[in-house]
Amino acid sequence: MNRYAYLKEAFIDHLKQYYPAPENIYEKITIDLNTDEKKKAFGHMSSNAAMIIAQELKLNPRTLANEIASSFHDTAIEKIDVAGPGFLNFHVTQEFFTLLAQDIFEHKDQFFKPHRFGKKT
C-alpha cells in the first residue's frame, strides 16, 4: 500500500473508531489529492467526511469537522483546516510529499489503481 492510501486508510479507521456508522457510509467518503494550483489554499488533500457522517448521525457537519480536525493526528499531517459547510482540508508535510513522489516513481503501474478502504489490494 502506498503512503497516500495508508494515510487515507488511517483517517477512515479513525472515523470508524470515534464516529461509528453503518459501513456503507464510509464508502461515500472522498479524500482527494488537490492537484489544482489555483486551489492550493484548500490544502493538499480534502475530504467530505464530516458532511457524510454528520448527515447519518444527525450532527452539525461544521461542528463535527472541527472535532475531527482536532482529534485526527498523523506524522504526515501538518494541519487540518475546516472550510465551508464542513470540508476538511489537509496540509501535509514536505517529508510526506517526498516519500509520496518516491512511491509514485517506484510503483507507477499500481499507484493510481483504486484502493477500497479496509480491503487489502
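Student: Is Leu100 buried or exposed?

Tutor: A residue is called buried under 20% relative accessible area, exposed over 50%, and partly exposed in between, with a 1.4 Å probe and protein chains only. Leu100 has a relative accessible area of 5%, so Leu100 is buried. Please note that this is a predicted model, in which local features need pLDDT of at least 70 and side-chain atom pairs count only at pLDDT 80 or more, while totals for chains, interfaces and linings use all residues. Residues are numbered from 1 along each chain as its sequence is written, and side-chain values use heavy atoms, with hydrogens and water left out.

Student: In which helix is the place of Leu100?

Tutor: Helices (H or I, at least four residues) and strands (E, at least two) are DSSP runs, numbered from the N terminus. Leu100 lies in helix H5, which spans 94–106.

Student: Which residues of H1 meet H5?

Tutor: Contact means heavy atoms within 4.5 Å. Arg3, Tyr4 and Leu7 of H1 meet Phe96, Leu99, Leu100 and Asp103 of H5. By class, this contact has five nonpolar, no polar and two charged residues. Here Ala, Val, Leu, Ile, Met, Phe, Trp, Tyr, Cys and Pro count as nonpolar, Asp, Glu, Lys and Arg as charged, and the others, Gly among them, as polar.

Student: At what angle do H1 and H5 pack?

Tutor: Axes are lines fitted to C-alpha atoms, for helices over the stretch in contact, and angles run from 0 to 180 degrees between N-to-C directions. H1 and H5 pack at about 125°, with their axes 9 Å apart. Angles under 35 degrees count as roughly parallel, over 145 as roughly antiparallel, 65 to 115 as roughly perpendicular and the rest as oblique. H1 and H5 are therefore oblique to each other.

Student: Which residues touch the most other members of the largest nonpolar core?

Tutor: A nonpolar core is a set of buried Ala, Val, Leu, Ile, Met, Phe, Trp, Tyr and Cys residues joined through side-chain atoms within 4.5 Å. In the largest one, which has 32 residues, Phe11, Leu15, Ile29 and Leu88 touch the most other members. H1 gives the most to this core, with six residues. Leu15 touches Pro20, Tyr26, Ile29, Ala49, Ile53 and Ile68, leaving aside residues up to four places away in sequence.

Student: In what order do the strands form the sheet?

Tutor: Two strands pair if DSSP finds at least two bridges between them. Four strands form an open sheet in the order S1-S2-S4-S3, with antiparallel pairing. S1 and S3 are the edge strands, each pairing on one side only. From one strand to the next, the twist averages 25°.

Student: How many bridges join S3 to S4?

Tutor: Six bridges join these antiparallel strands, and Lys79 stands opposite His91 in S4. S3 and S4 form a hairpin with three residues between them, and Gly84 in the turn has a positive phi of about 55°. S4 also pairs with S2 over three bridges, where Ser46 has Asn89 as its bridge partner.

Student: Why is S4 largely enclosed by the rest of the structure?

Tutor: S4 is largely enclosed because five of its six residues are buried.

Student: Which residues of H3 are buried, and what covers them?

Tutor: The buried residues of H3 are Ala49, Ala50, Met51, Ile52, Ile53 and Ala54. Their cover includes H1, H2, S2, H4 and S4. Just after H3, Lys58 takes a positive phi of about 60°.
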